[in-house]
Amino acid sequence: MKTIIEPFRIKSVEPIRMTTRAERETWLGEAAYNVFLLRSTDVLIDLLTDSGTSAMSSEQWAGMMRGDESYAGSPSFYRFEQAVQDIFGFKYVFPTHQGRAAERILFSVMCKPGDVVPSNTHFDTTRANVEHTGARAVDLVIPEGRQPQAAHPFKGNMDVAQLERLIATEGRNRIPLCMLTVTNNSGGGQPVSMANIGAVSALCRRHGIPLYIDACRFAENAYFIKLREDGYAARSPIEIAREMFSHADGATMSAKKDGLANIGGFIASNDAQVAQQERNLLILTEGFPTYGGLAGRDLEAIAIGLKEALEEDYLLYRITSTTYLGRHISEAGVPIVQPPGGHAVYIDAAALFPQIPPRELPGQALVVELYREAGIRAVEIGTVMFGRRDPASGEETTAPMELVRLAIPRRVYTQSHVDYVVEAILNIYRRKDSVRGYRFVEQAPVLRHFTARFAPLP
Ligand SMILES: Cc1ncc(COP(=O)(O)O)c(C=O)c1O
């Protein structure tokens, strides 16, 4: 069969509400043009994030009922630990309430002021948690990863030569660890090849630098390796995932992505000393090590979800639906990061709206238009998220790319929902020359995109 279908049927439905353009205009004004400040009931198709928005399976719901809520030593923890170890292979596994808690604990243990932490591209919470310790977060993705239109099967790869130069200039002692984000969310959801993971790992091991994988979308990355890298076509996603992690010394994970859970995460490593320090911090801020900020039922959902995310029928449908959206808008002329990523399609707002300079936030302009046009919520990944305002001069630093991410929640929307999104984007495309930019009215010093307030430029 050529038709690739959703490999599930629907047992429980959640109504979504149509709204009028006039209503959306009012709500946009009330939210100061920041879609994070909208009520989700006023959103028709929510592509803000693929994080924590998955539909759980009947098996996961059954697991929720089995969840044991004992404070210490719950069997749910041991099922969770076994599932994580089976895929990731690390000795020490601590549950956290979500990915950023794992990051905070890892960087608090490993980093000090003046240190440098390289990655292909740090996600916003990763960067913020590195910088919170006084260390510097450095992005070393390959040049193709910074060019939205460049063709490359693994645009999430790290530039190994640049990493080598960084180690030479900074010195091994200032680099407490190296990160690799799979897939590379902030760089367009692009995968990292096994060859690249191996090369980064070999270089790090030569210098005694631990390599940690930010594993949020490890299953999608494994599937891209299967589809695109020589020698992996006949391997199963779980075998590929195991090989990916065999190159690493540890991982941070937000189970809200490829854990197919609505909350949760973990931190894992092979280093007993690091694990001891992590355990101490975990107890201080998350909870006892056998629940770590989660309920027993959440641990069950993650244990099952990690395995379901590696099923081939699921991954085929997942990658096909993202590609379907990307192909239909790009064939009509909408500039997107090519090829479409695993969990999301990224529109190049700078190329779509050349009349809006980065300082006037072209990505934010597109996010607002999507909601105004059709009640679709997306997220800006550009100057709003990664730019900075110098508190002294008020000078604005812009981001290297002005992207808008359409993140697809897992197992939530059907093909007709995606067709609706395509139609809305093409409507905006037809009137793209009349769209204008935005300015900040208010912004927080860190992670400003969540709470910033904007005003349209005349
Ligand atoms: C690559 C990456 N790392 C880390 C995180 C943080 O995870 P969480 O939102 O669970 O704290 C995210 C979340 O989107 C992510 O995409």
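Residues are numbered from 1 along each chain as its sequence is written, and side-chain values use heavy atoms, with hydrogens and water left out. In this predicted model, local features need pLDDT of at least 70 and side-chain atom pairs count only at pLDDT 80 or more, while totals for chains, interfaces and linings use all residues.

View 1. Helices (H or I, at least four residues) and strands (E, at least two) are DSSP runs, numbered from the N terminus. Along the principal axes, the C-alpha atoms fill a box of roughly 60 × 55 × 45 Å. Of the 458 residues, 59% are buried (under 20% relative accessible area, with a 1.4 Å probe and protein chains only). Among contacts (heavy atoms within 4.5 Å) with a separation of 6 or more, 73% join residues 24 or more positions apart.

**View 2. The largest pocket has a volume of about 1,400 Å³.** Of its 38 lining residues, Ser12, Glu14, Ala55, Arg411 and Val412 are the closest to its centre. On a 1 Å grid over the protein atoms alone, a pocket is an open set of points with protein on both sides within 12 Å along at least five of seven lines, a cavity is a set where a 1.4 Å probe fits but cannot get out, and lining residues have an atom within 4 Å of a point. Grid points are joined across faces, edges and corners, and a volume is the space filled by probe spheres set on the points. Helix H2 (58-66) and helix H12 (312-331) each supply at least two lining residues. The lining of this largest pocket has 16 nonpolar, twelve polar and ten charged residues. Here Ala, Val, Leu, Ile, Met, Phe, Trp, Tyr, Cys and Pro count as nonpolar, Asp, Glu, Lys and Arg as charged, and the others, Gly among them, as polar.

**View 3. The second largest pocket has a volume of about 430 Å³.** Thr49, Ser51, Arg100, Phe123 and Lys257 are the closest to its centre among the 29 residues that line it. Elements giving two or more residues to this lining include helix H4 (99-110) and strand S7 (250-254).

**View 4. Thr252 sits in strand S7.** With 2% relative accessibility, Thr252 counts as buried.

**View 5. The largest cavity has a volume of about 60 Å³.** Its lining includes Asn34, Phe36, Glu380 and His449. Helix H14 (362-374) and strand S11 (379-381) each supply at least two of the lining residues. By class, the lining of the largest cavity holds seven nonpolar, three polar and one charged.

**View 6. The second largest cavity has a volume of about 50 Å³.** Ile45, Leu325, Tyr413 and His417 are among the residues that line it. Helix H16 (residues 415-430) gives the most to this lining, with three residues.

Terms used: Buried means under 20% relative accessible area, exposed over 50%, partly exposed in between (1.4 Å probe, protein chains only).
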